[in-house]
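Hi everyone, thanks for making time this morning. I'd like to walk you through one structure, so please take a look at it with me.

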Amino acid sequence: MSQKKQKITRIEQPKTQSRAEQLHYLAQLRGEIEEEKPQLNKKKFIIISLIVLALLAGILVYSNYMLDAIENANLDHRTTSRTLLLMLGRDPEVILGGSDAVIDEELARVNAWSSIFLVARLAAIVGLIAYGFYAIITLLQPKRRKPNRSFWGDLGIYTMLFIIAVAMAFPLVFSIASSLKPLDELFRFPPKVFPDHPTFDNFSDLIVTMGQSWVPFSRYLINTVLITFLGTLGHVIIASMAAFVLAKYDFPGGKTFFKIVVTALMFSGYVTGIPNYVIMSKLGMIDTYWAIILPAFAAPIGLFLMKQNMESLPDALIEAAHLDGAGEMRIFWTIVMPNVKPAWLTIIIFSVQGLWNTNAATVIYSESKKTLVYALQQIQAGGIARAGQAAAVSVVVMLVPIIIFICSQNQIMETMSSSGLKD
């Protein structure tokens, strides 16, 4: 009996020595990975995405315009827009001469269209959010390998991930939608997720309020960016160097020192606030940027994460580098740091979130050295009259940490799956 010949797929070994490509090649040989999908043409995808987003934005703007026109027509029959008059079949030549009144029968016909425009506006908002997230994720995601799963397995996993994503994205969507609500909609009960009449007045009022302060808004922003950048950079460098010594070298007191670091993880910033203030006061650094930057260098979470990741690196790798004549600094920067990329990317996210959101009110007293969060919190304390600005403040404060996390998460996941050599 003749057996059916199976199709033979040629698998070529990658010419480069990248760890990720070598693992991919071995997985293909074992049959764990199916053939990859064609690579995404990003230029065409960007063009298509811009066209789709422009169409959805046009539908949103037009539906908002028509809803406002219908509302004005209900309030005053003589403030009817020309678009409504054309919809009612009025003579275009007469309409061009000026607006005209509508009768009750025509107004009832126009009101019947309001539900259609409401649905169109809701669909445009949902489409903009959904397709916007889809486009961002598609453009930022790295080249992925398709696992060998069944269709129902993929469907179950993606359904569960979609439910979790909706639950986690809802607070963010609600905060952004609240910042676009007029003041009367912010206090409406029961509250609505999306505004009926979206506006950017809250952001413009926030800019006006910040412009009227004694210190310019740009000064608060520069202070925060400077503190965040220097604090994060120093934290990553110092934690990485200290973790390299603790993980790969034995010296007296090394284990005891690491136990102290682990113990320090139990204390929050509120507990260490008084010791930090006393130390900075003794050093004469109160009311300076260093009162925030120096304590950020010594955050124990960075040293702990870096040491745990560096211990997974084989000692033979470092010994081979020593035999090749590499110095300690070269080994650290060219071998160790690239292999623990997930750790220092995670440290960057934690450090930026902590430093960006600090108000530093206990160690900085000069108004010209205050941070952006402190200035925004003063606006939030303005009461009911500034509720709209407070909603805009929430979006501004969380914008930078979210952008950094979105830009770093794919690199973290890809590096975790492809790096980390073990004996």
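Let me start with a question: where is the place of Asp-287? Asp-287 sits in the loop between helix 12 and helix 13. When I say helix, I mean a DSSP run of H or I with at least four residues, numbered from the N terminus, while strands are E runs of at least two. The phi angle of Asp-287 is near 65°, a positive value in a residue other than glycine. Asp-287 counts as buried because its relative accessibility is 19%. For that word, buried means under 20% relative accessible area, exposed means over 50%, and partly exposed is in between, with a 1.4 Å probe and protein chains only.

Before going on, a word about what you are looking at. This is a predicted model, so local features need pLDDT of at least 70 and side-chain atom pairs count only at pLDDT 80 or more, whereas totals for chains, interfaces and linings use all residues. Residues are numbered from 1 along each chain as its sequence is written, and side-chain values use heavy atoms, with hydrogens and water left out.

Now to the second largest pocket. Its volume is about 1300 Å³. Of the 35 residues lining this pocket, Gly-269, Thr-272, Asn-276, Pro-295 and Ala-296 are the closest to its centre. A pocket here is found on a 1 Å grid over the protein atoms alone: it is an open set of points with protein on both sides within 12 Å along at least five of seven lines, and lining residues have an atom within 4 Å of a point. Grid points are joined across faces, edges and corners, and the volume is the space filled by probe spheres set on the points.

Which helices each supply at least two residues of that lining? They are helix 12 (273-282), helix 13 (290-297), helix 14 (300-310) and helix 17 (341-356). By class, the lining has 23 nonpolar, 12 polar and no charged residues. In that count, Ala, Val, Leu, Ile, Met, Phe, Trp, Tyr, Cys and Pro are nonpolar, Asp, Glu, Lys and Arg are charged, and the others, Gly among them, are polar.

On to charges. Side chains of opposite charge can pair when their charged atoms come close. How many salt bridges does a search of the whole structure find? It finds two, where a salt bridge is a side-chain nitrogen of Lys or Arg within 4 Å of a carboxyl oxygen of Asp or Glu. One joins the side chains of Asp-315 and Lys-248, at 3.1 Å from N to O. Asp-315 belongs to helix 15 (residues 315-323) and Lys-248 to helix 10 (residues 217-248), so this pair ties together parts that are 67 residues apart in sequence. Asp-315 is partly exposed at 42% relative accessibility, whereas Lys-248 is buried at 16%.

Lys-307 also forms a salt bridge, with Glu-311, and their closest N and O atoms are 2.2 Å apart. Here Lys-307 is buried, at 8% relative accessibility, and Glu-311 is partly exposed, at 40%.

Ala-392, in helix 19 (residues 387-418), is buried with a relative accessible area of 0%. Ala-392 and Phe-200 are 192 residues apart in sequence, and their C-alpha atoms are 9.1 Å apart in space. Asn-41 is in the loop between helix 1 (19-30) and helix 2 (42-75) and is partly exposed at 38%.

How values were computed. On a 1 Å grid over the protein atoms alone, a cavity is a set of points where a 1.4 Å probe fits but cannot get out, and a pocket is an open set with protein on both sides within 12 Å along at least five of seven lines; lining residues have an atom within 4 Å of a point.
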